[in-house]
Structures are given as structure tokens and as C-alpha cells.
Amino acid sequence: MAKITPYTNLDFNQVKENLMAHLSNQDEFIGYDFAGTNMSVLVDIMAYNAYHNMQYYNMTLGETFLDSAVLKNSIISHAKELNYLPRSKRSAGALLNLVITVGGGQTSNSLVVPRGSTFLGRCGNISYNFLTTKAHIATRIGTTNQFELNDVAVFEGRYITEVLTHTNTTLSNSSIDTRSIRVFVNGEEFAYKAGIFGVSNNDKVFYLQPELNDAYSIQFGQTLFGYQPTATDEIEVSYRVTSGTQGNGIKSFSLNAGAIGATSVTVTPLGLSVGGADAESVQSVKQFAPKAFQVQNRAVTASDYEVLLKTQFPEIENISVYGGDEALPPQFGRVIVVVDVQGRDGAAETELALYKDFIQTKSPLTIEPIFKQADFIYAKANMNVTYSRNNALLNPAALEALVRDALTTYSEDNLNTFGATLSLSDLSYQLSLSDDSITSIAVTTEPMIDYKPNIGSISSPVFNFNQELSKPYPFSSANGLVGYNPCVASTRFTIDQTLVELQDDGTGIVQAIVANDPLRSVYSKNLGSIDYDTGTITLRDFIVASFEGSAIQISVKLAGRDFTAPKDRIFRMRQQDTTITTRAI
């Protein structure tokens with residue numbers, strides 16, 4: 001008997017043709033016209049049945065693997081097997097400064113802003129509730145009737161309390177920010193645990209588990225890895241329900257003064273609300289669940305820290321992790337984590353403390369994580385734009401504006417991260433594409449760091465440019481400073497009532513030069529040192545009385561053309577640091 005040709009793809013017509021070819025080869029049906037008789041109806045039914053079964057089995061088999069699964073519930077089920085907890089919605093957060101005015105009857109020097117205090121955030125005609133997650137204590141300003149409270153962290157959403165039974169611990173809301181979950185059994189609070197390591201049978205802990213249809217459930221330790229509630233125990237869960245990304249970008253906040261016993265409250269946000277996120281997508285779960293399984297919820301390598309922190313805190317935009325032995329000065333037994341969040345430069349101290357609390361339980365016992373907010377490094381740039389007068393459709397001012405817009409785009413696309421490399425040839429090429437009339441762009445840059453000293457305080461700051469610098473010829477007092485071309489330069493600042501600038505002397509010493517002296521005399525011969533090979537500048541016993549602008553800008557000349565930012569600084573190019581000169585030919 002002839003065999004049916006194997007199916008090579010899920011195609012109904014191919015299945016039907018294979019069946020008809022098979023039947024035509026049977027002795028009972030020699031010369032039978034299957035296409036033109038009622039037999040074609042039976043063949044259609046057989047082909048449909050075969051096609052349906054193949055499609056069903058193909059889909060079923062595909063859903064059994066994480067890579068090929070399509071249905072969200074299947075993907076969540078596979079993630080659960082890998083001990084991966086898909087990220088829930090995240091509340092947008094903001095940092096606020098408060099000035100609270102009370103009546104004359106307040107005698108205490110402190111005032112409590114309780115946990116759960118509701119701030120109203122407004123965006124146009126839409127309002128969102130922002131809540132405090134802990135109690136804060138405001139302190140009296142001098143002898144006035146005003147109290148001050150800084151860096152108050154608030155999060156968008158509303159609190160819900162739910163009573164569960166020991167047999168059904170699935171939470172009823174799918175818009176939970178799981179970071180806010182608090183579990184009480186008979187009034188005693190249980191602590192959240194991400195894993196069973198180190199948990200004994202009667203520890204008061206709970207676990208989170210993803211469930212079908214975007215739900216989460218509270219799990220207990222079955223009296224093996226934590227206390228297991230019984231039918232007589234009362235289980236109460238409180239959590240915050242959030243709007244996710246809708247709470248981002250809010251900059252106007254207010255607080256009902258009467259709710260805290262005040263007459264008025266002035267609220268000053270430190271920036272826009274950021275960090276709000278929707279629940280993790282199925283594509284993200286498929287991508288990160290295997291990586292999280294590799295990490296095993298432990299931070300050992302630099303990439304482990306990055307994966308764990310960025311998965312848990314979606315507001316983190318950039319992160320750099322390196323060993324303490326690479327720091328200046330070295331910090332052995334530590335790992336340095338530098339963080340930059342969306343919408344702000346760096347990260348607030350409250351955010352860094354939250355990140356540290358999260359990662360500390362996943363780090364090796366002998367390693368201490370040190371969190372720092374991101375610092376920045378900039379490029380002092382000069383650009384000479386040559387363009388064809390015959391091809392130019394824009395005036396020089398409009399052409400300069402076009403080049404500046406292209407520079408902003410280039411910085412956002414290629415820089416704005418830790419360890420970014422500025423290639424002058426690539427930058428020149430990309431900017432030259434901004435208009436057809438441009439024939440060439442010559443670019444020179446000097447890396448620059450903004451330093452904001454504490455006025456009147458002694459400090460010994462270290463500035464690491466992490467690259468070989470151009471070493472000038474040694475300075476001699478006989479030749480003077482007029483025409484001398486140093487590696488280091490700075491904006492002006494005041495020390496000991498004298499306006500000065502920084503520059504090096506070519507031998508590794510950093511000097512202070514009198515800024516308003518046309519003869520460029522030396523005010524202080526030794527303020528610190530410079531290592532031309534590593535690009536490290538160290539100032540010693542540095543006391544600043546005042547400085548011009550928003551910061552002291554310290555720039556250096558490179559030995560080469562291209563520049564790679566240090567691992568603890570984000571590279572940016574700013575418009576105010578860029579000079580553009582246009583020339584027509």
C-alpha cells in the first residue's frame with residue numbers, strides 16, 4: 001500500500017492534495033475523480049480534521065516552551081518554573097520639600113507627617129494621589145511657627161486593605177505595585193522573602209507568586225520555610241494600587257494642611273515624577289526570565305547587579321558597577337554601584353537607600369555595596385563649519401541652529417551613558433549630514449568636569465578623566481605665563497580673597513594663577529598634582545570662598561583625539577559648552 005506523503009507545513013490544500021494522491025493510488029479507487037464527485041466533501045472533512053489536529057498539536061507543543069510560547073498565561077507559568085517574578089506595575093515617585101506653617105499653639109520643635117499622607121499631583125486637569133510610605137518628622141525653622149521637611153518620597157496610587165483566607169491567598173487586584181505589599185497575620189507583620197535560603201520553619205515570612213490573568217498570590221512556608229497560617233488565623237494584606245506610567249511627568253503637588261494639623265503647607269518638588277511603569281510585558285518576561293535564572297537572584301558579577309536592579313527598578317536609566325579595587329582611592333571589599341534615574345541627574349539619597357536595601361540581601365556576605373549618584377563629564381567643543389555659498393539655502397544663523405540640533409541628537413543617541421566614547425571623526429561626519437551645503441566640519445574638544453565645592457570647607461577632590469593627557473613643556477618663572485599653553489584650565493574662583501584659575505606647570509603640579517592679572521602671575525605654586533598618563537587630577541586642602549557660574553569647570557587637553565568617559569561618569573555634550581563658527585567658500 002502506498003504511504004501518505006509527509007506534511008512539510010501547516011497548509012490545508014497540501015493536506016487535501018496528499019490525501020487525494022494517496023486514495024488515487026489505491027486499487028479500489030483507480031480512475032476515480034475525487035475532485036468532481038461528492039467524495040471531495042469527505043476528503044475536505046478528512047483534510048480539515050488532519051489540519052485542525054496538526055494546528056492544535058503545534059500550538060500546544062509551542063506553548064510548552066518559553067521561547068515559542070505566545071499566550072501570556074503560558075509564559076507566566078514558565079517564568080514561575082524559573083523562579084522569576086514578573087514585574088508588577090510601578091508607582092511613579094517624586095521627591096518633595098515641605099515648609100509647614102502651624103498655629104501659635106504648637107510648642108513642640110517637631111511635627112509628624114504620617115505614613116499614607118495624601119498629596120495631590122496635578123497634570124493639566126487630571127489629578128493623581130501621591131502617598132508617603134513612612135512617617136516623616138519635620139523640624140522647626142528657628143523660633144518661627146514654620147517647620148521644614150526635605151526629600152520626602154511620595155508614590156502615586158491609593159492603599160487597599162484585603163482580608164484573605166489560608167486557603168485562598170490570591171490578591172484580587174491586578175494593578176498592584178508589589179513593592180508596597182505588607183502582610184499581617186493576627187496583627188503581626190510578616191517580612192517578604194524572595195527565596196527560601198536561610199529561612200527556618202517558624203520564621204514570619206511570606207513569598208510572592210505570579211498567577212494567571214496578571215494576578216499575584218501570597219504564599220507562606222508550609223511550616224518548612226516559614227510559618228504557615230491556619231484556619232483560625234486572620235490574614236490581612238495592604239498594598240498600593242497604581243496607574244503606572246500615567247503618573248509620570250507631574251510637577252505640581254499640594255497637601256491638605258488640615259490633615260496634618262497645619263494652617264498651610266508649601267510643597268516644592270525637586271523634579272518631575274518618574275519611575276511609573278506598566279506591568280512587565282510578555283516579551284520582557286521571555287527575555288529576562290532565563291537571565292534571572294542564570295543570576296539565581298544573587299549579585300556576584302557586575303552584570304548580576306545590573307540585571308537585578310534594572311529589573312526591580314524600571315526608573316533606573318543608566319547604571320555602572322565596578323569593584324572597589326578600581327576606585328580612587330581603592331575600597332577593597334566593596335562594590336561601587338553608580339545610578340542615574342530617568343527625569344533627573346543622578347539619584348536621590350532616598351532612592352539610593354532603597355536600591356541598597358534591595359541588593360544587600362543578594363550580595364556576598366563579605367562584599368559591601370556602595371551606591372553613588374551618577375556624576376557627569378562634558379565636552380568643551382569648538383566647531384568650524386565650512387559650507388558652500390552657492391548651495392546654501394539657509395543664512396549662517398539658521399545653519400548654526402541646524403548643526404546644534406544635530407549635535408543634541410548625536411549626544412542623545414551615542415553618548416548619555418557610562419563609558420561612552422566620543423569619536424570626533426564620527427561626530428564630524430554626522431553633523432555634516434545636517435545640511436547639503438556643508439562641505440566640512442572641524443571639531444576639537446576638551447573633556448570638562450563641573451565641580452561644586454562646599455564654600456569655606458576644606459576638601460581634597462579627585463578628578464579622573466581616565467585618559468592620557470597632553471603634557472606641556474615645563475613652566476619656568478623666567479619665561480613667565482604669557483603664551484604658556486597648559487593642559488589644565490578652569491573657570492575663575494576665589495581663594496583667600498583672590499580671584500584665580502587652575503593650570504598645570506608641565507611637571508605634574510597644579511597651580512593657582514591670578515585671573516585678573518594681565519601678566520598671568522602665579523598665586524599658589526602647589527594646589528595639587530596631575531598624572532598625565534592616567535588623566536587624574538588631585539587637589540589638596542582646597543578651600544573655595546566663591547566661584548563664578550554654577551560650578552568650577554575644570555577642562556584638560558587630551559594626548560589623542562577621541563575620548564572615552566570614565567566608568568563612573570555619564571558623558572554629555574551641552575549647547576552652552578559648544579562654540580560654532582561658520583565660514584562660506
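**Figure 1. The buried residues of helix 8 in a predicted model.** Helix 8 spans residues 424–432, and Leu424, Leu427, Ser428, Leu431 and Ser432 in this helix are buried. Buried means under 20% relative accessible area, exposed over 50% and partly exposed in between, with a 1.4 Å probe and protein chains only. These five residues cover an arc of only 130 degrees around the axis, which puts them on the same side of helix 8. The arc is taken from the directions from the helix axis to the C-beta atoms. An α-helix has 3.6 residues a turn, so residues three or four places apart point the same way. Among the elements that cover the buried residues of helix 8 are strand 18 (375–387), helix 7 (396–414), strand 19 (421–422) and strand 20 (438–451). Helices (H or I, at least four residues) and strands (E, at least two) are DSSP runs, numbered from the N terminus. Residues are numbered from 1 along each chain as its sequence is written, and side-chain values use heavy atoms, with hydrogens and water left out. Because the model is predicted, local features need pLDDT of at least 70 and side-chain atom pairs count only at pLDDT 80 or more, while totals for chains, interfaces and linings use all residues.

**Figure 2. The nonpolar cores.** A nonpolar core is a set of buried Ala, Val, Leu, Ile, Met, Phe, Trp, Tyr and Cys residues joined through side-chain atoms within 4.5 Å. The largest has 49 residues, and those with the most contacts inside it are Met383, Leu422, Leu427, Ile537, Phe571 and Met573. Strand 18 gives the most to this core, with six residues. A second, separate core of 24 residues includes Ala92, Val113, Phe253 and Val267.

**Figure 3. Aromatic pairs.** Rings of Phe, Tyr and Trp (its six-membered ring) pair if their centres lie within 6.5 Å; planes under 30 degrees apart count as stacked, over 60 as edge-to-face and the rest as tilted. The count comes to 13 aromatic pairs. The rings of Phe313 and Phe358 have centres 5.4 Å apart and planes at 90 degrees, so this pair is edge-to-face. Phe313 lies in the loop between helix 5 (302–312) and strand 15 (316–323), and Phe358 lies in helix 6 (residues 349–360), 45 residues apart. Both Phe313 and Phe358 are buried. The rings of Tyr451 and Phe542 have centres 6.3 Å apart and planes at 35 degrees, so this pair is tilted. Tyr451 in strand 20 and Phe542 in the loop between strand 27 (536–539) and strand 28 (546–547) are 91 residues apart. One aromatic cluster is formed by Phe313, Tyr355, Phe358 and Phe371.

**Figure 4. Charges over rings.** A charge sits over a ring if NZ of Lys or CZ of Arg is within 6 Å of the ring centre and within 35 degrees of the ring normal. Lys204 lies over the face of Tyr227, 5.6 Å from the ring centre. The charged end of Arg574 sits over the ring of Tyr378, at 3.5 Å from its centre.

**Figure 5. The surroundings of Arg90.** Arg90 lies in the loop between helix 3 (72–81) and strand 1 (93–101). Arg90 counts as buried because its relative accessibility is 2%. Leaving aside neighbours within four places in sequence, Arg90 is in contact (heavy atoms within 4.5 Å) with residues including Asp177, Arg179, Gly275 and Gln312.
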